[in-house]
Amino acid sequence: MNNTKCVIIGNDSYLFHGFSDKLVDVDFYYLTFNDWRTDKNLEILQKADAVINFAISPDFSTRDMNSDEIIDIQIARILKDANSRFLFISSRKVYGTNKECRTYKEDDALTGFDFYSKNKIKTEKELTDILGEKLCVFRVSNIIGEPVLRKNYKTFIGWITESIVNNGFLKITQSKDAQKDFITKDFLHKAIAFFIGNKISGIFNVSAGFPVKIGELLADMAGKEKIIFDDAASCSNSEQFVLDNSKLTYLTGLTFSPQALKQGCLKFNELLSKICQRRNI
């Protein structure tokens with residue numbers, strides 16, 4: 001049996017770390033964020049069974065990017081006449097923001113509300129126009145992985161890590177009862193690996209499919225004693241959401257449980273505690 005050939009772009013990114021362990025019968029070719037555009041790599045991209053980009057430009061969250069600037073769209077244009085499938089990591093933010101705990105399905109309207117979500121929506125639409133049925137889109141809920149200390153890493157995980165390491169506490173400016181959908185990075189990796197190995201395309205919510213209260217989640221991740229809730233700010237900033245993952249579950253058989261989420265949170269806490277111990281915090 002011939003192995004699936006997969007090109008990974010951004011193998012030094014946070015989301016990629018730990019991913020290769022999930023793949024079986026897959027031949028990898030790694031390209032860094034800057035190297036994929038060289039002429040010598042065009043044939044490698046076009047002959048791959050699957051291509052996935054784990055890297056993202058810092059500008060994605062700070063301004064409205066032109067299509068020609070977006071790496072995923074540039075890659076798609078290279079793959080337009082090839083047989084390669086492209087796997088795009090999108091975001092739950094494409095569904096917009098709501099104070100109600102609404103459940104979003106893949107065919108719901110997309111509503112951009114910041115630079116990041118608008119750029120993701122733009123990219124999804126252009127990738128669909130370019131690649132059609134050769135495209136797989138993962139609309140991913142919030143991800144819990146290992147702690148990360150990386151300059152200008154403005155994510156949920158980065159915020160928790162930097163707050164605890166630099167300040168010794170975590171100040172929450174939303175209701176502790178706000179409910180959101182979270183998965184572990186391990187679950188995301190399992191889902192992506194399934195799609196690569198089984199050569200599947202389409203649009204899929206990659207999510208838990210159930211909400212968890214933010215106060216409970218952060219207590220497991222950072223420790224109850226290190227959390228400070230700003231009651232004055234909490235009422236005006238209580239975004240909530242759940243992603244319907246029934247399409248993903250039906251196709252792959254993959255499920256995610258509250259127990260798996262709690263284990264992911266406690267593992268994060270364990271690793272964060274070790275960082276603090278090394279720094280005498």
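This report walks through a predicted protein model, from its overall build to a few single residues.

## About the model

The structure is a prediction, so local features are described where pLDDT is at least 70 and side-chain atom pairs count only at pLDDT 80 or more, while totals for chains, interfaces and linings use all residues. Residues are numbered from 1 along each chain as its sequence is written, and side-chain values use heavy atoms, with hydrogens and water left out.

## The overall build

Let's start with the whole protein. Nine helices and 14 strands make up its list of secondary structure elements. Here helices (H or I, at least four residues) and strands (E, at least two) are DSSP runs, numbered from the N terminus. The C-alpha trace spans about 55 × 40 × 40 Å along its principal axes.

How does the radius of gyration fit a compact globule? A compact globule of 281 residues would have a value near 19 Å, and the protein has 19 Å, which agrees. This radius is taken over C-alpha atoms, and the globule rule is 2.2 Å times the number of residues to the power 0.38.

Of the 281 residues, 49% count as buried. Buried means under 20% relative accessible area, exposed means over 50%, and partly exposed lies in between (1.4 Å probe, protein chains only). The accessible surface comes to about 13800 Å², and carbon and sulfur atoms hold 47% of that area. These areas come from the Shrake-Rupley method with a 1.4 Å probe, and for residues only the protein chains shown count as cover. Among contacts (heavy atoms within 4.5 Å) between residues at least 6 apart in sequence, 80% join residues at least 24 apart.

In soluble globular proteins, nonpolar side chains tend to be buried together. A nonpolar core is a set of buried Ala, Val, Leu, Ile, Met, Phe, Trp, Tyr and Cys residues joined through side-chain atoms within 4.5 Å. The largest such core in this model has 57 residues, and I192 and L217 touch the most other members. Helix α5 gives this core its largest share, seven residues. Leaving out residues up to four places away in sequence, I192 touches F19, I52, F54, L87, I89 and F138. There is also a second, separate core of 23 residues, with V7, I9, L31 and I71 among them.

## An enclosed helix

Why is helix α2 described as largely enclosed by the rest of the structure? Eight of its nine residues (71–79) are buried, so the rest of the structure largely encloses α2. The buried ones are I71, D72, I73, Q74, I75, A76, I78 and L79. They pack against β1, α1 (42–46), β3 (50–53), β4 (85–91) and α3 (115–131).

## A buried arginine

R139 sits in strand β6, which covers residues 135–140. Is R139 buried or exposed? With a relative accessible area of 3%, R139 is buried.

## Cysteines without a bond

How many disulfides are there? A disulfide is a pair of cysteine sulfur atoms within 2.5 Å, and by this rule the count is zero. For C265, the closest cysteine sulfur belongs to C276 and is 16 Å away, too far for a bond. C276 is likewise in no disulfide. C265 is buried at 1% relative accessibility, and C276 is buried at 3%.

## Residues in the loops

Most residues other than glycine have a negative phi. D25 has a positive phi of about 60° although it is not a glycine. D25 belongs to the loop between β1 (4–9) and β2 (26–31) and is partly exposed, at 41% relative accessible area. K199, in the loop between α5 (185–198) and β11 (202–206), has a positive phi near 55°.

T255 lies in the loop between α8 (246–252) and α9 (258–278) and is exposed at 60% relative accessibility. Apart from neighbours within four places in sequence, T255 is in contact with F187 and T249. N34, in the loop between β2 and α1, is exposed too, with a relative accessible area of 53%. N34 and G10 are 24 residues apart along the chain, and their C-alpha atoms are separated by 8.7 Å.
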